[in-house]
Amino acid sequence: MRKFLPILLSIIGLASSLKAQWVSPDEGLTYTLPDLVAATGGVVTNDGNVFTIHQDITISERDELLIDDQVSRIDAPGVLITINGTFNCNIAGDRVKLYGTENEHFSMRFENAKNCLVNKMYFSDGAGIQVIESDITFDDVKFVYFTTDYCNAVINIFNCDPVINNCFFMLNQGAAISSPANGQSSPQITNCELDANVNGMNVPQINLGPGSDDTIRIVGNNIHGTWAQFHTGGISVADLMGVGSTKVLLKDNIVKDGRYGYNQQGMTISSLIEGNQFLTNYHEENPMNGGSGISIYGTSLNNKAIIRNNVIVGNLWGITAIYLHDIDLGTEEDWGFNEIHDNVNNGVYYDLYNNSACNIMAVGNDWGTVNQRDIEGHIVHQVDDPSLGLVTFVPYVGYTELDEIPLELSDIDLHKALIYTISGQRVKNTETLTPGVYVVVTEHGTNKIIIQ
């Protein structure tokens with residue numbers, strides 16, 4: 001056995017060296033990339049201002065990694081870069097590029113990191129970036145060709161509120177930004193462009209779980225699904241486990257050409273949805289699985305949404321309201337001014353589908369027509385099924401108190417479950433009315449109806 005011992009020790013030593021990593025000494029030091037070349041004994045090398053990281057590295061709690069203008073490119077194939085201290089890339093010159101390879105992807109892990117700024121970088125061929133209980137800002141960063149080998153999104157957030165501003169996500173295998181159901185995170189996602197992420201999966205490009213004490217802000221972003229294999233959901237915020245109280249500001253975004261626009265699902269969520277455009281999100285083969293411009297699926301009445309000044313056009317469904325919710329699409333005192341029309345599947349228009357017993361105020365919206373009968377025909381609610389809640393949509397944009405709506409007598413019969421007041425007299429059955437012009441007050445407002 002003795003003669004095999006040196007060989008065995010050599011094999012163990014080789015295996016250890018293959019798994020070796022460099023850890024900064026935790027002495028309050030700041031390292032540039034040239035500093036790492038000198039300090040790591042070959043773990044980091046350089047050729048001019050192009051640097052290669054050959055093994056995993058960790059920046060300890062009290063240390064800092066500074067990316068400055070001495071660097072143009074970093075190659076890190078198959079490497080995990082862990083930041084427990086501080087990472088700072090705030091350069092004056094050209095964008096710094098961090099690459100894996102097509103077969104050896106790099107990954108990053110920010111855990112309990114402090115005062116991190118990732119600015120003017122270009123990440124390609126990564127396996128994911130974990131952000132765990134860290135203080136970090138991503139500003140003017142591009143992310144392309146990420147896989148889901150390390151985590152299920154390009155940026156995966158846990159129990160923190162990172163700022164992600166003016167960033168670009170394209171052609172990544174998973175979601176651009178996600179947070180899990182068992183944590184509380186309120187990212188600030190502003191002025192970003194997301195296009196053609198999530199290859200072949202029905203996962204939204206922004207896929208968030210419950211929020212923290214701060215508000216989740218998703219503001220001013222462009223979210224597209226340009227190519228067929230990347231037609232997926234736009235944005236989802238879900239509280240499926242009743243964690244905390246999630247607040248959402250969804251404002252001035254464009255979400256188009258996906259399987260759906262915005263999904264809000266679960267228990268305690270309060271959102272203001274304002275000034276967005278949800279367009280042509282019809283790329284769901286089964287309309288029962290998606291296709292809404294906005295979907296509010298509540299498991300309690302604490303799933304709340306105030307919806308104002310949005311454009312919701314060209315989806316399979318305009319707005320779907322499911323199970324329990326508290327939705328405000330406009331009141332007499334505060335009109336909605338949403339533009340909701342031409343949302344159609346299987347030849348039928350569904351601008352608003354109230355698939356619940358909850359009533360919805362939807363006053364002061366533009367339904368693409370001033371014909372009240374057509375608007376009613378594009379809304380599914382109590383008029384169609386007594387078990388559903390009532391949608392109050394009158395008055396609406398373009399409505400006048402005495403609109404003339406020509407109806408056949410048979411058309412009145414279809415709605416005789418409603419109670420009419422005709423010339424001051426309440427009647428339930430209009431079958432005996434003679435042709436003429438009547439002022440009719442219904443649960444949906446006052447109209448002049450012509451019975452022919």
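How many bridges join strand β26 (residues 233–239) to β29? Select both strands, and you will find that six bridges join them and that they run parallel; strands here are DSSP runs of E with at least two residues, numbered from the N terminus, and two strands pair if DSSP finds at least two bridges between them. This is a predicted model, in which local features need pLDDT of at least 70 and side-chain atom pairs count only at pLDDT 80 or more, while totals for chains, interfaces and linings use all residues. Residues are numbered from 1 along each chain as its sequence is written, and side-chain values use heavy atoms, with hydrogens and water left out.

Within this pairing, A238 stands opposite Q265 in β29. Now colour β29 (residues 260–266) by accessibility: six of its seven residues are buried, meaning under 20% relative accessible area with a 1.4 Å probe and protein chains only.

Finally, select S212, in the loop between β23 (206–208) and β24 (216–219). Because its relative accessibility is 13%, S212 counts as buried. Its side chain makes a polar contact with the side chain of D161 at 2.9 Å (a pair of N or O atoms within 3.5 Å, where, within protein, one must be able to donate a hydrogen and the other to accept it, and residues adjacent in sequence count only if both atoms are side-chain atoms).

Methods. Helices (H or I, at least four residues) and strands (E, at least two) are DSSP runs, numbered from the N terminus. Buried means under 20% relative accessible area, exposed over 50%, partly exposed in between (1.4 Å probe, protein chains only).
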